[in-house]
Amino acid sequence: MVTTLFFMWGFVTVLNDVLVPHLKSIFDLNYARVMLIQCSFFSAYFIFSSPSARLIEWIGYHKTMVVGLFTMGLGALLFIPAASVASYPLFLAALMILAAGITALQVAANPYVAALGSPETASSRLNLAQAFNSLGTTIGPYLGGALILAAVPQSMESVRHMSAKALTVYRIHEASSVKLPYLVIGIALLLLGISLARFKLPAIPQAKGYGETGPQKSIWKHHHLVLGMVGIFVYVGAEVSIGSFLINYFSQANIGNVSVLVAARYVSYYWGGAMVGRFVGSAILQRVRTGTVLGIAATTACLLLCTSMLTLGQMAMWSILFVGFFNSVMFPSIFTLGIAELGPLTGRGSGLLIMAIVGGAIIPVAQGALADRIGIHHAFILPVICYLYIVFYAFRGSRPAVLASPR
């Protein structure tokens, strides 16, 4: 039942990769401005993670997941009025509400899955659950591209010469393609919320809220958690940056030279690789230390990105698509390494790690600004730097230890 939630938030999140080129053409945005889509979405993690962790204290993991689903449903339905008036700010507001619901789901579901078994296999278990998240991210670009990007937009030159009235009519017409997909998603989320509310989930003693066991040491003394927050920040930022730029990247004449609709289908390979990698990673993590697997994956992703930046055509395309496979184990591995040995502080630690997903709001905007200056091809240097930090965290920064109190 819980893996169904992983599927749904993966499916909804990856549709942002389709919205980026769609809204870019409708509202005539540069790369930096269109990345406000990801900024609005992922900034919700920073804003709502701590309240979600508190919500777990008040109503428990189960009810927090239900609240998250209903909030997601509301955000999805708000896409209909946003498309009806062709308002970019309203689209951004709907995305933030949608992401607020996903934040509550993530804060509750990730530690809940990690606690459904022995601590030694927590990374493997969370990788397996995240594989269903990747199933959603694999299907999302294909369906989203077919439904949202089916119509061929007019050239920017002709759009810029339209009268104000004609431009408004054009934008409303083009934006209407998001109505049906998000209506279906909104209804599905509300129905799933009702089903989850009626479903009896097992109580996990070690997954209790962090406020239930009395006074504890400061959570900031756990340096592996603090460094893990940076790890989640740069990982999500890198993953989202790459996914957000793939459609525009592949449509470049010297890279893929394909239409945005065809490019959207290629994005499914990026997220599909993550799905396959998580099933494989789940098995490997039963036998190999989490830090070792994470370090090897991050190193390989870094090399693949460098290959894409230094080549053109099919080599540049497929090297960056294969990054998805090695991304697969990173989030669940960083997450489980970050909450290791936190005991009753696990709920709070989960909230802080999910808050660090705000990297998906900041790094894509930074890469967008970089792409506007040096070109989309070489702007991938920013994710390279992110992966280098993850290599450090995997081999050194993830070792649990409590920082000494200042004298």
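A charge sits over a ring if NZ of Lys or CZ of Arg is within 6 Å of the ring centre and within 35 degrees of the ring normal. The exercises below use a predicted model.

**Exercise 1. A charge and a ring cluster**

Find which residue lies over the face of Tyr31, and which ring cluster Tyr31 belongs to.

*Solution.* 
Step 1: Look above the ring. Lys24 lies over the face of Tyr31, at 4.8 Å from the ring centre.
Step 2: Follow the ring pairs. They link Tyr31 with Phe245, Tyr249, Phe250, Tyr266, Tyr269, Trp318 and Phe380 in a cluster.

**Exercise 2. Phe79 and its ring partners**

The whole structure holds 22 aromatic pairs. Classify the pair of Phe79 and Phe91 as stacked, tilted or edge-to-face.

*Solution.* 
Step 1: Take the distance. The ring centres of Phe79 and Phe91 are 5.8 Å apart, and rings pair if their centres lie within 6.5 Å.
Step 2: Take the angle. The two planes stand at 65°, and planes over 60 degrees apart count as edge-to-face. The pair is therefore edge-to-face.
Step 3: Place the residues. Phe79 lies in helix α4 (residues 79–85) and Phe91 in helix α5 (residues 88–115), so the pair ties together parts that are 12 residues apart in sequence.

*Solution.* 
Step 1: Check burial. Phe79 has a relative accessible area of 0% and is buried. Phe91 is also buried, at 0%. Tyr182 counts as buried at 0% relative accessibility.

**Exercise 3. An enclosed helix**

Explain why helix α15 (residues 330–338) is described as largely enclosed.

*Solution.* 
Step 1: List the buried residues of α15. They are Met330, Phe331, Pro332, Ser333, Ile334, Phe335, Thr336, Leu337 and Gly338.
Step 2: Nine of the nine residues are buried, so α15 is largely enclosed by the rest of the structure.

**Exercise 4. Two packed helices**

Describe how helix α12 (residues 290–310) packs with helix α18 (residues 381–397).

*Solution.* 
Step 1: The axes are 8 Å apart, at an angle of about 160°.
Step 2: Name the direction. That angle makes α12 roughly antiparallel to α18.
Step 3: α12 passes α18 in a left-handed crossing.
Step 4: Find the contacts. Residues of α12, among them Gly291, Leu294, Ala298 and Cys302, meet residues of α18, including Ile381, Val384, Leu388 and Val391.

Terms used. Residues are numbered from 1 along each chain as its sequence is written. This is a predicted model: local features need pLDDT of at least 70, side-chain atom pairs count only at pLDDT 80 or more; totals for chains, interfaces and linings use all residues. Side-chain values use heavy atoms; hydrogens and water are left out. Rings of Phe, Tyr and Trp (its six-membered ring) pair if their centres lie within 6.5 Å; planes under 30 degrees apart count as stacked, over 60 as edge-to-face and the rest as tilted. Helices (H or I, at least four residues) and strands (E, at least two) are DSSP runs, numbered from the N terminus. Buried means under 20% relative accessible area, exposed over 50%, partly exposed in between (1.4 Å probe, protein chains only). Axes are lines fitted to C-alpha atoms, for helices over the stretch in contact, and angles run from 0 to 180 degrees between N-to-C directions. Angles under 35 degrees count as roughly parallel, over 145 as roughly antiparallel, 65 to 115 as roughly perpendicular and the rest as oblique. A crossing is left-handed if the near helix is turned anticlockwise from the far one by less than a right angle, and right-handed if clockwise. Contact means heavy atoms within 4.5 Å.
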